[in-house]
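Please find below my notes on the model under review. They are set out as numbered points.

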Amino acid sequence: MLRVQFEEDLEKLHNQFYAMGNEVLSQINRTVRAFVTHDRDMAKEVIEEDAEVNEYEVKLEKKSLEIIALQQPVSQDLRTVITVLKASSDLERMGDHAVSIAKATIRMKGEVRIQSVEEEIKKMGRDVKNFVESALDLYLNGSVDQAYEVAAMDEKINHYFENIQELATEEIRKNPESIVTGRDYFQVINYLERIGDYAKNICEWVVYFETGKIVEM
């Protein structure tokens, strides 16, 4: 009976984690869209709905610690709970960065915009979203080998970061009036790059869950 209850509790944890992940995916998708389309109303929605992501993390943390205290899991059962606990923290930080991008969208009203840079940011945002989505799918159904394959997507995100930095710097040289805009571009791609880092963290937690080893990819 205790085992049945424990497995039910774990199932609830997994479902809540995946729901949280989908909410964060939506945040990332909408915040990038808001930024490149200059949609301040959508940006405000992203900021307002961040409370839901934070609430998910609080619930997951509370439930995880409750399971550890009452069920005293060992071996892979314990790794399952720890994986959810740690990975949900990574998701919450992704949400924080999505909010920061939304705030940049609002802050940039009236600034000079550089179309070529925003096109690249749009591409970077799309691939960051795909990276997070792949990490969530990995969490549900993945293996150690797949974890390394998904984590390798981070290299592409890093290339975007470097290339957009160079492009923005060159455009600012051509038009010094866009220097304030450039500052915001640099911040936004930094937030996107950090979201990619947290997606990679989830891949590392999958390896931990499967093997008990903490790795750095």
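1. Glu193 lies in helix α8, residues 179-211; helices are DSSP runs of H or I with at least four residues, numbered from the N terminus. The model is a predicted one, in which local features need pLDDT of at least 70 and side-chain atom pairs count only at pLDDT 80 or more, while totals for chains, interfaces and linings use all residues. Residues are numbered from 1 along each chain as its sequence is written, and side-chain values use heavy atoms, with hydrogens and water left out.

2. Glu193 is buried but has no salt bridge. Buried denotes under 20% relative accessible area (1.4 Å probe, protein chains only), and a salt bridge requires a side-chain nitrogen of Lys or Arg within 4 Å of a carboxyl oxygen of Asp or Glu. The nearest side chain of opposite charge, that of Arg194, is 5.0 Å away.

3. Apart from neighbours within four places in sequence, Glu193 is in contact (heavy atoms within 4.5 Å) with Met124, Ile157, Asn158 and Phe161.

4. The axes of α4 (residues 75-107) and α8 come within 9 Å and cross at roughly 170°; axes are lines fitted to C-alpha atoms over the stretch in contact, with angles from 0 to 180 degrees between N-to-C directions. The two helices α4 and α8 are therefore roughly antiparallel, a term for angles over 145 degrees.

5. Ser178 is located in the loop between α7 (153-174) and α8. Ser178 counts as buried because its relative accessibility is 0%. Setting aside residues up to four places away in sequence, Ser178 touches Val112, Ile114, Glu171 and Ile172.

Technical notes
Buried means under 20% relative accessible area, exposed over 50%, partly exposed in between (1.4 Å probe, protein chains only). Lys and Arg count as positive and Asp and Glu as negative; His and the chain ends are not counted. Angles under 35 degrees count as roughly parallel, over 145 as roughly antiparallel, 65 to 115 as roughly perpendicular and the rest as oblique.
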